[in-house]
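These are my notebook entries on one protein model. I record what I looked up, entry by entry.

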Amino acid sequence: MIDGKPHRIRIRFRTGEALYFGQGEQARDELEVVFQTTAIHGVVDGMSGASVRGWAFRSNRVTGERNGNVTLEVRANGIRIGAVKATLIRNDVAEMLGCEPHCGFMYTLPTRFRDGKPFVLEFHGTPEGGQIQGSPFNGRVLTRDSSDRLFEMYAKIEALCTQVYALKDELRNMVSADEYDLSTYKLWMTKYLDTLRSRVLAERRGPDYARLMGGASSKVSVICPVYKPAVADFVAAVESVRRQSWTDWELILVDDASKSPQLTTAIDAFCAKDPRIRVIRHPKNLGISEATNAGIAAATGEWIALFDHDDLLVDVALEIMLLAARNTGAKLLYSDEDKVDQYGNLSDPHLKTDWNYRLILSNNYICHLLFVEATTLRQVGPFRPAYDGAQDHDLILRLSEAIPATQIHHVPEILYHWRKSATSTAGLQSAKSYAVEAGRKALADHLARRNLPAAIVPLFNSTLYEVQWGFLAQPKVSILIPFKDQVETTKRCVEAILKLTAYRNYEIVLIDNWSTEPKTEAWVDSIRSNKRIKIIRVEEPFNYSRINNLAANQLETDFFLFLNNDVFVQQADWLRIMVNEALADPHVGAVGAKLIYPNQTVQHAGVVLGVGGVGDHMFRYVLLDAPGYCFRAICAQDMSAVTAACMLCRADAFRAVGMFDEERFTVAFNDVDLCLRIGRAGYRIVMTPAMIAEHHESLSRGTDLAEHNLPRFYGENQAMVDRWGPLLLDDPYYNPHFSREVGMFEKLSNASLQAARAPSLLKKPVPRAVLPPGSSFPEPTSDAPGKQIPSPVKAPQPKVKPKSPSRKTAMVS
């Protein structure tokens, strides 16, 4: 009956009685109806200047087709004043509703409606009739005088923004709020320790302390293998345990056949003086793993703390670790640390990242103080002598397989002083060969247990490693390269990809953002025949987020690789490296690369949030091969964000979080915002320094800090603060003891010296995923060998009101 023709309907009950339509004299026992085969659907979006914009399409109720190019009749006060055809391309509507993209309209108002008075317009579909959503539409066009006054205000605000940002930058350079750096660490540390003790005292007086620290046994077993330390250093180490503010501890000394009378005398004296100290003596040397295992087997505490025979604990270390364990529910905890020399001088602080699975595969950054639930440690198994030299690295990897990432906690307090001496590895520049091999074997075995193919290659003959993934799969990668003219730059970028890339399953998608030069048109025509290349032309003002979204909506692919046209790849395996980082874990949503300037210094090695404002690139301007702070410039690692100048993004993750935000971040911070939304949805962001490319930063569009760009940049900066403010001040991959003002990995924060600041002792880790109630998000390390890793939690596609483009877009293959 859906045929557009009239039909008569009668309805009868089983008794034969008729159902009447209408009432009174108008009632009839039959109804004549016409079921239209088509209907008009649409929305009036709003006004842009003196035009009303929106979209509309025609749906066929029989075939299901949704066609564009419909005509809308425009009425005012019930009188037809014109018509508009919906022929503009609206890829956003097409993507969401499955209609033809030619469905957008822009109705320019007649002159008589531009007098500043309110008006009401109706938009009716023809010939079907009926109004689209948002009609009647109420609007008003500003008069020329009003527009001029508003434009003058806008210009003044732009100028003010420029002045404010420049003044802010000048003041930051003149006065640094943080006067301490790594060279004055000793002075900073003296004040920090006093502050730390004050905060612990405040916690004891707080309402939560008794609840957290009371109840079940809170004994901490400190395990200390002993083998030929300097007696004076050993005595200092034991005394640092005895001075602990938390008194429910036991110290188990395992003398691994030191055969030193002076050491034996010192151990016996401690055991006689303090009943909490016990000794186990081995008649022959068994090595670090067996000695530690003996101590663990004899331990009676709820928690195990691992301690070297010549190191020092800060006096509140055990209390803080236990507080953090009880508050977070973690089963594996680690603290920050520094080094101490024979004169008691403190130096070389290791201020660590929160749990960083990808980094632990490159470098055992955790070290000291390691604090583990005793039951969990015994379930995972003992230290293994075959891995001596890297026995702690092996243990941490095995613990990470058994403990979810949510139960591994970094305590961002400096609680451990590692002895720096001629016989200590803390003072050595390179590792012994057996330790290098032990670390390589520990990593290889860990990845084998997870069924992940990889080769482990030591870096610089040290216990730093590059994981070379061995995946052979070739998911499709679409490389999106926006450009506007700049023919030589774009041509060099494309030619490097075509010439070098060994990975086979890729396409290059060139997004021509309204190029105008004849030589650009000639070059584009010359490459049309290349089957690897698609060309999408977007005739709109530059909006990095929008032009990439428009292109992505037209592509079917497994991964997007967002690439600036001034980035030039240099390796045949560059794309394989980035894809394999994603294939190693379905929870990896984005992968970034190490980008360098033409002078071979670093331009990007990951983004650190909060430094100098929203964030900054890590290790900018350091030499390409420089290790950076604690080797982080040369190690693959998890990050909060990476730059979209060269970023591989899982297509499902990109679409699940709503793609780039083209409303609030047209040019700057769109990549950081995207990464944070991807992380919030349950994915990880990885930076790999194994992929190196040359980046001529902002060659194609200039710098954000140019005076004419400052107002826009200022607005986008504020948009980031509004959306992500708390996280910008607390990047989990950048230690809170570093300054957020200037001097990444150099300046120390004065906030750490303020006793009145919000205490971090009871601070829970920032959640990295938004999860349904009662669910858990297993990181890859929590899966048993061979187990299928579940897909990450995906954020629902946001309902975004479609908007009209100011110009048309077209795709040419």
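Entry 1. I looked up the largest cavity first, and its volume is about 60 Å³. A cavity here is a set of points, on a 1 Å grid over the protein atoms alone, where a 1.4 Å probe fits but cannot get out. Grid points are joined across faces, edges and corners, and a volume is the space filled by probe spheres set on the points. By this rule I count three cavities of 30 Å³ or more. The largest cavity is lined by 13 residues, and Arg358, Trp469, Ala584, Asp585 and Arg684 are the closest to its centre; a lining residue has an atom within 4 Å of a point. By class, I note eight nonpolar, no polar and five charged residues in the lining of the largest cavity. Ala, Val, Leu, Ile, Met, Phe, Trp, Tyr, Cys and Pro count as nonpolar, Asp, Glu, Lys and Arg as charged, and the others, Gly among them, as polar.

**Entry 2. Source and confidence.** The model is predicted, so to speak of local features I need pLDDT of at least 70, and side-chain atom pairs count only at pLDDT 80 or more, while totals for chains, interfaces and linings use all residues. Residues are numbered from 1 along each chain as its sequence is written, and side-chain values use heavy atoms, with hydrogens and water left out. The pLDDT is the predictor's confidence in each residue, from 0 to 100. Its mean for the protein is 87, and 88% of the residues reach 70 or more. Over residues 765-813 the pLDDT is below 50, although this stretch has 134 contacts in the model beyond near neighbours in sequence. A contact means heavy atoms within 4.5 Å. Where pLDDT is low, the predicted coordinates should not be read in detail.

**Entry 3. Overall make-up.** I find 19 helices and 37 strands in the protein. Helices (H or I, at least four residues) and strands (E, at least two) are DSSP runs, numbered from the N terminus. Of the 813 residues, 53% count as buried; buried means under 20% relative accessible area with a 1.4 Å probe, protein chains only. Among contacts between residues at least 6 apart in sequence, 74% join residues at least 24 apart.

Entry 4. I then turned to strand β6 (residues 70-76), which is largely enclosed by the rest of the structure because five of its seven residues are buried. Strands pair if DSSP finds at least two bridges between them. With strand β7 (residues 79-86), β6 pairs in the antiparallel sense over seven bridges, and isoleucine 79 of β7 is the bridge partner of alanine 76. The two strands form a hairpin with two residues between them, and asparagine 77 in the turn has a positive phi of about 55°. Strand β10 (residues 119-126) also runs antiparallel to β6, joined by five bridges. Leucine 72, in strand β6, stands opposite glycine 125 of β10. Leucine 72 counts as buried because its relative accessibility is 0%. Beyond four places in sequence, leucine 72 has contacts that include Ile40, Ala56, Phe105, Phe123 and Ile132.

**Entry 5. Leucine 109.** This residue lies in the loop between β9 (102-108) and β10. Leucine 109 is buried, with a relative accessible area of 1%. Setting aside neighbours within four places in sequence, I list among its contacts Met47, Val52, Phe119, Leu121 and Val141.

**Entry 6. Strand β16.** In strand β16 (residues 303-306) both faces are covered: Trp303 and Ala305 on one side, Ile304 and Leu306 on the other, are all buried. In a regular strand the side chains alternate between the two faces of the sheet. Strand β13 (residues 220-226) runs parallel to β16 over four bridges, with isoleucine 223 partnered by leucine 306. Strand β20 (residues 370-373) runs antiparallel to β16, also over four bridges, and tryptophan 303 has glutamate 373 as its bridge partner.

**Entry 7. Two covered helices.** Helix α15 (residues 544-552) is mostly covered, with nine of its nine residues buried. Helix α18 (residues 670-680) has 10 of its 11 residues buried, so it is largely enclosed by the rest of the structure. Among the buried residues of α18 I note Asp671, Asp673 and Arg677. After α18 comes glycine 682, whose phi is positive, near 110°.

Technical notes: Buried means under 20% relative accessible area, exposed over 50%, partly exposed in between (1.4 Å probe, protein chains only). On a 1 Å grid over the protein atoms alone, a cavity is a set of points where a 1.4 Å probe fits but cannot get out, and a pocket is an open set with protein on both sides within 12 Å along at least five of seven lines; lining residues have an atom within 4 Å of a point.
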